[in-house]
Amino acid sequence: MNKAFTLHLTAIAHGGEALGRHEGKVVFVPYAIPGETVRVEVVQEKARWARARLLEVLEPSPDRVEPPCPYFGPGRCGGCQWQHIAYPRQLSLKREIVRDQLARLGHLPDPPVRPTFAVGEPWAYRNHVQFSVDSQGRIGFYVAGSREVIPVDRCLLLHPLLDELHDALELELPELTRLSLRAGVATGDQMVILETKRDVVPELEVDLPLSCVLLRSREPPLILAGRSYIEEEVAGRRYRVSAGSFFQVNTAGAEALVETVAAYLEPGPDDCLLDAYCGVGLFGLALAERVAEVVGIEEDPDACFDFLWNAEAMGLENVTLIEGPVEEVLAAWVAAIEAPSGVSLPNDNQEVAPESFGKRIDLAVVDPPRSGLGAEVVAALARLEPRRVAYVSCDPATLARDAQAFVQAGYRLADVQPVDMFPQTYHVESVGLYVKVD
């Protein structure tokens, strides 16, 4: 398979590559579209699969379009994978990816996946971007499949507030290792976040009213200008987001996620809601006025501070936060159910234990990192017996793996709503609804 050959592409892979079969082996081809016939050359070969370079599109898909970005393509910026695909087809392909992962990895024969929801314009949507730095101090993005940095003058995915920041920056920072830009799309807040070698404090000139923060390796963030946080509004609520805290990069998409979670959970005034990996409180605080109690679990100290700040600013008195790793907190919670006396929280953090610690919960929302929950966390969560669980996932593969664990723990996957938070890329956010089986 070391020579060029013709290949008909039949499906899409989780990593965004189209695939076909040649001489009994699956061949993955980036920058192609299912349905196309292409000329390719193998660049990587394994026992059961190969990856090929696209040489020529012999029979193009009607969904093939001209990419508008000069940095898009093989050997160029790796931030986007699908600029060559018309946006409606991108949406359908993302649904295919979610369904395929749930069927193959989750062993669900007919997963209930809805059409992908488009949350807004497919360009200029990112409220947060992270640049790498090349050997000459220029900022840009990694080349696909490598650690090489390609300098970028303009990124078409950036919200205009970030585009304005990018244009205004005058950087001569030899110690710079990473640069992040954040914006509150609904508030107009702008922030520059710097990381440097040996935490060297840089000099920065920007003729804009913004905040600038230096993230340090062993010390708290250093405020160079403005504040240590931005504010953003989602679904009528204002959230404080510190420089080091996670927040969804698509504000319109964040609102769609909140609405989907609320619709799935159907919260009632007597319910206790568990918000695991709660971050700054996007989901739990949005639903707090519709339930009796919210218990958040979060490990990151910056996000914990933001969560409590946001709860107080919203005037919420039925909210409690447990600081610690979700797996440890849930294990302690289960232990408290089984042995109500003598159980402590992680790090003996008794002062933040909620009144209801050790009792059952009614509803749960989880928003884990890309690695997912894992079987132990799913089992512990199931032991708490929430009647409904909304699972917010940024990776269909781990969503599928955890789906199998939920089924084994006595839940059924009732619905999945893909939400396109990341147009022009293969990445897709999904919300899955698990319902306890009687």
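The lining of the second largest pocket divides into nine nonpolar, six polar and three charged residues, where Ala, Val, Leu, Ile, Met, Phe, Trp, Tyr, Cys and Pro count as nonpolar, Asp, Glu, Lys and Arg as charged, and the others, Gly among them, as polar. The model is predicted, so local features need pLDDT of at least 70 and side-chain atom pairs count only at pLDDT 80 or more, while totals for chains, interfaces and linings use all residues. Residues are numbered from 1 along each chain as its sequence is written, and side-chain values use heavy atoms, with hydrogens and water left out.

**Pocket and cavity**

- The second largest pocket holds about 430 Å³ of space, and among the 18 residues that line this pocket, Glu17, Pro30, Tyr31, Ala144 and Gly145 are the closest to its centre.
- Strand E5 (residues 49–59) gives the most to that lining, with four residues; strands (E, at least two residues) and helices (H or I, at least four) are DSSP runs, numbered from the N terminus.
- On a 1 Å grid over the protein atoms alone, a pocket is an open set of points with protein on both sides within 12 Å along at least five of seven lines, a cavity is a set where a 1.4 Å probe fits but cannot get out, and lining residues have an atom within 4 Å of a point.
- A search of the whole structure finds one cavity of 30 Å³ or more, and the largest cavity holds about 60 Å³ of space, a volume being the space filled by probe spheres set on grid points that are joined across faces, edges and corners.
- The largest cavity is lined by Asn127, His128, Arg182, Ala183, Ile230, Glu232, Val241 and Phe247, which by class are four nonpolar, two polar and two charged residues.
- At least two residues of this cavity lining come from each of strand E10 (176–183) and strand E14 (229–234).

**Helix packing**

- The axes of helix H1 (residues 87–104) and helix H8 (residues 396–408) come within 8 Å and cross at roughly 35°, where axes are lines fitted to C-alpha atoms, for helices over the stretch in contact, and angles run from 0 to 180 degrees between N-to-C directions.
- Ile97, Val98, Gln101 and Leu102 of H1 meet Pro396, Ala397, Leu399, Ala400 and Ala403 of H8, contact meaning heavy atoms within 4.5 Å, and these residues divide into eight nonpolar, one polar and no charged.
- Helix H6 (residues 326–338) and helix H7 (residues 375–383) pack at an angle of about 35°, with their axes 9 Å apart, and the residues of their contact divide into seven nonpolar, no polar and three charged.

**Aromatic pairs**

- The structure holds 10 aromatic pairs, in which rings of Phe, Tyr and Trp (its six-membered ring) have centres within 6.5 Å, and planes under 30 degrees apart count as stacked, over 60 as edge-to-face and the rest as tilted.
- The rings of Phe131 and Phe141 form a stacked pair, because their centres are 4.9 Å apart and their planes lie at 25°.
- Phe131 belongs to strand E7 (residues 128–133) and Phe141 to strand E8 (residues 139–142), 10 residues apart.
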